[in-house]
Protein chains: 2
Amino acid sequence: MFKVEILDQGKFFVLEPTQSLFEVLQQKGLLTEAYCGGKGLCGKCLIQIIEGEVSPPTSFESRHLGEDKIRQGFRLACQIQLQSSVKVRIPHEDTFSLQTAFYGYHQGLIRDLPLRKKRVVVRKPELAEGLSLQEVLEKQLGDSVSVPEWDINYLRVLGSIGSEEAKSFEVLYGREKIWHIAESSQGESGGFLGVAFDLGTTTLACELVDLESGTSLYRGAALNRQASFGADVLSRIEAIQRHPDNLVALQKAAISTMNQLIQEATEKAGRNFRDIFVVSVAGNTVMEHIFWGVSPVSIGVAPYVPVFVRSSVGLGEELGLLVHPKAQVYLFPSCAGYVGGDIVSGLTAFEIEESEETTLYVDIGTNGEIVLVHDGKIWCCGTAAGPAFEGAQIRQGMRATPGAVSSVSFRGGDLIWQTVGGEPPRGICGTGLIDALAMLLENGLLSPTGRLLEAASHPLSERIEEEGGEKVFVLSREPRLVITQKDISQLQLAKAALQAGRTILLKEAGLREEDIQRVVLAGSFGSFINSHSAVKIGLIPPAKRIESVGNACLAGAKEALLSERFRKRCEELARKAQYIELSGRSDFQDVFTHALFFENREYEQFTRLSGNL
Amino acid sequence: MFKVEILDQGKFFVLEPTQSLFEVLQQKGLLTEAYCGGKGLCGKCLIQIIEGEVSPPTSFESRHLGEDKIRQGFRLACQIQLQSSVKVRIPHEDTFSLQTAFYGYHQGLIRDLPLRKKRVVVRKPELAEGLSLQEVLEKQLGDSVSVPEWDINYLRVLGSIGSEEAKSFEVLYGREKIWHIAESSQGESGGFLGVAFDLGTTTLACELVDLESGTSLYRGAALNRQASFGADVLSRIEAIQRHPDNLVALQKAAISTMNQLIQEATEKAGRNFRDIFVVSVAGNTVMEHIFWGVSPVSIGVAPYVPVFVRSSVGLGEELGLLVHPKAQVYLFPSCAGYVGGDIVSGLTAFEIEESEETTLYVDIGTNGEIVLVHDGKIWCCGTAAGPAFEGAQIRQGMRATPGAVSSVSFRGGDLIWQTVGGEPPRGICGTGLIDALAMLLENGLLSPTGRLLEAASHPLSERIEEEGGEKVFVLSREPRLVITQKDISQLQLAKAALQAGRTILLKEAGLREEDIQRVVLAGSFGSFINSHSAVKIGLIPPAKRIESVGNACLAGAKEALLSERFRKRCEELARKAQYIELSGRSDFQDVFTHALFFENREYEQFTRLSGNL
């Protein structure tokens, strides 16, 4: 047993002989950046040994850190074994503001709140009225309220009236349920707030809403603390399969991230978190399972069955959320294991289903979901695209945080790039990678199969270099920023997954790519993407209208705080959408292989021709 | 602080200076017979001081116990103050079997069980089916089941399937709700039992039912341990008003009585209490409030409003019942504060509402409830009749336990009486008192106003004696059993209450006493009553048909275990019945005063005439 002290944070714990340092740091939520799950691949579980003995550096560490850093005591937590008690530092990225795209602030309409709060004076009825207190209270809540079954606890609260003539209660209620009743003193009144969450695999976004006016009070985003268990949903599932306790650890990681956001939101808005009475949460199906504490393992293995897809509600106190203990927590319905509540939320919020145009809705997050809407019918699928666009598995990839190269173009003979926040470049994020690929394609420096070509006549070709036996494209010389041939392959796989997905959906609908009239890009990534570049590399089809709706999921989550009807529409849409499980298709491999090519026009012609055979 | 040791029971406790011995014994459920609430009136909180000093006897004790008993250390717990630590004995009545009337045993029909139990194998669906596990499980429960909202905990249980192909679960469910899900091992199967309760103010009756066959397995009854807080509902309410903690003490007293009955029932039937998954409870409104832990104080003070009247459900484990922790506990709906679930249960069980005859339903328990059914309409009221018929407030009154004089008649010049169980007489119970009164009336020994008359010519007149300045009728000389003039007044008040109640209901319905074609007597008391005597003293009206249905409440409570439709009918009946609050009527005092007279025929003529004026 060795002692571990985390300097600067005042944390201290003891390591059992069976535990690895990485595991414990992970479970304590101290490694928010690491995403490969402790395999030495991502290099993001960086720590600095200040005192104590550990095992010698591994080849993973040499590659990621270099000799200089190792000499300064920097190590990867997943690679070391302790040989004595240690004191360590965990370097953090500078406080960063996530580059997130919110839809415009707007005032919601308070029409049919799913949950209402009211102070009610229960006054004993006249002898002749023959009413119980239960009925007297319900009458005060309005005609639309009819509660078939009362919780005993609330009858007990109501009974506290005893021999008094009248008593004041604070009631939280829906159309068919009393959600909470408390005796209310004259003084206290408090607010009535809701908080909506987009529970992403990588990023959590939240919006604090005043439910009395429908006004948004604050929006914020943070990295999901689950990230240290793996970047994508499959690695999170693996973590749970490896050790069932990880389910609770992952659930807590998400909830602590949510609580951090709630704290931030209420502080900035000058409100009290105890006034939050409604919480809505939309995420992909795996995230929703974990948030509810339900094992998502069955989604990870064939036949990829989710435990639940319908919406459900829970209690704030049971989940440990920093809200009123009796707050209602609403979890969105999903379509299937790989098309979740986040998609349902976004589709419903932007009324995609009602679109008269044949519409392709694409949400590229850590996973890539695609939805095709045609003539009131809905087809959807999930693809394994994603992490590459978030900078994962890309040598100098990073998220869209300050210093990330986010756009690249070649104009007037110059290579021009911009970074998030205009800061000195530190890496490249997804939108920058797509721009760079499109630029390379347009200038003939990339083959249809994705090989970097040294076309001597082009000024950009001098930037194609050899590095460690691999071709790289040099985006910047000082500091040196490169896109490697392997990076390009990763992006190619990701775009092929998305492209193949939409091809299959079109096949199911009996439509062709040209039939798509409108493309709707959801998610932050979709907002910052250069649609010209995205079309060029085949990530999205060329359509007359291409729009970005920003964080559509959060927009829907907010609606779910405000409208009972909206929740109903979500449930209906989720049941109506036809889910296509790609792995179950015999034609998928073929379609995918073709989608790997960059010259999509030629490929389209090819499929059209072969379809005519 | 004095120590108190209860001999023979191995109990031991310390008395705080602020506590009285009576209070503590009461709260510990050790004084099940006492019913006056510690006022020295009932004489039933008898204890024997074996060691230690207490305050000198009060006049109440002298009257109840006599010098001999006091010399032996017998005292009334409510009258003494400790002057040292003591050792006491609490004499108990011999184990007694309550004289209760059950309806005939019959096999219930299993048609629409409100709650079902099923072992379900959840097998993962084919890839193409696109079902969640939630849906796979529901399909197995049958077409009639549709669950709008799942409890998160049960989703968690279902998620335990993980990467397995199939898993077996034990599911407890209703048409719209999953009540419980547990992983089931192949071995265990267990039974599926229900227990029905008639939660009376004085007596608790229970029936254990096999829900797989509908068969009754056992029936039993016990005295409600709440009795030491007072004999009637008003004194229980007063106890709670005096000290709010008494609400929980009373609730626990009822539940411990129920648990005693469950233990007895399961032992005798050779079953396991953990196999009880459904519990139904019907009682008067105050009893039901207390059972739920809801303060009944608002029922005790004008305008006599109950907190709730609708049915509701709770969990076995939350109430501390000796059943499966997740058992569903169903509590009957009531009509109003003084017409409770016991009446709703009985009326529904015997389909009184559908009667084509004008019917008067009378339940004489600790309270007396009267229901008038005419042409599909229902009127009901509650009266303060009752305890006198259970032997309370009657000098030598007792419950219908062995040794109680239960019938009295004068035949062939002889006074003939019988006791319960044929045992030597120890007192007189309600049916015996009614018989005696009827006999006295018939033989001209009682005036219309209820005075004992010494009619010299009648052989019974020699039994009218003077005792302590009061006239008494001597029922037996050895042992001496008397009915005092004061006892007669008590019975007169009780019958007047019942008679006035029905007069008011008839007035409401626009009917006359002669219009009543059928009288249904519910409750044990109604079963043993001599209907001729009851008509003679005016307790019930003379009708063509007079039937006893026994414990109708328990019959209905059993139905509620077996039928969803039955529960619905109860709810409808409870809402439909028109409750008449007697205390709110300006004409009540007048009607009541007239009802005090015994010559009901004359009184009827009087009212009919006055109605014609």
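User: In which sense do E24(B) and strand E25 of chain B pair?
Analyst: In this predicted model, strand E25 of chain B covers residues 545-550. Five bridges link E24(B) to E25(B), and B:Val520 stands opposite B:Glu547 in E25(B). The sense of the pairing is parallel.

User: Which residue of E24(B) is the bridge partner of B:Tyr361?
Analyst: Strand E15 of chain B, residues 359-364, runs parallel to E24(B) and is joined to it by five bridges. The bridge partner of B:Tyr361 in E24(B) is B:Val520.

User: How many of the five residues of strand E24 of chain B are buried?
Analyst: A residue is buried if 20 or more other C-beta atoms lie within 10 Å of its own. Strand E24 of chain B, residues 518-522, is mostly covered. The number of its five residues that are buried is four.

User: Why is one side of strand E19 and of strand E20 of chain B left without a neighbour in the sheet?
Analyst: The open sheet of three strands in chain B has mixed pairing and the order E19-E18-E20. Strand E19 (414-419) and strand E20 (427-428) therefore stand at the edges, and the reason is that each has a single partner strand.

User: Which helix of chain B gives the most to the side of chain B that touches chain A?
Analyst: The contact takes 44 residues from chain B and 44 residues from chain A. On the side of chain B, the elements that each supply at least two residues include helix H3 (133-141), helix H7 (285-292) and strand E13 (312-315). With five residues, the element that gives the most is H4(B).

Notes. Residues numbered from 1 in each chain as written. Chains lettered and ligands numbered in written order. Predicted model: local features only at pLDDT ≥ 70, side-chain atom pairs only at ≥ 80, totals over all residues. Contact = placed C-beta atoms within 7 Å. Pairing = 2+ DSSP bridges. Buried ≥ 20, exposed ≤ 12 C-beta atoms within 10 Å, placed from the backbone.
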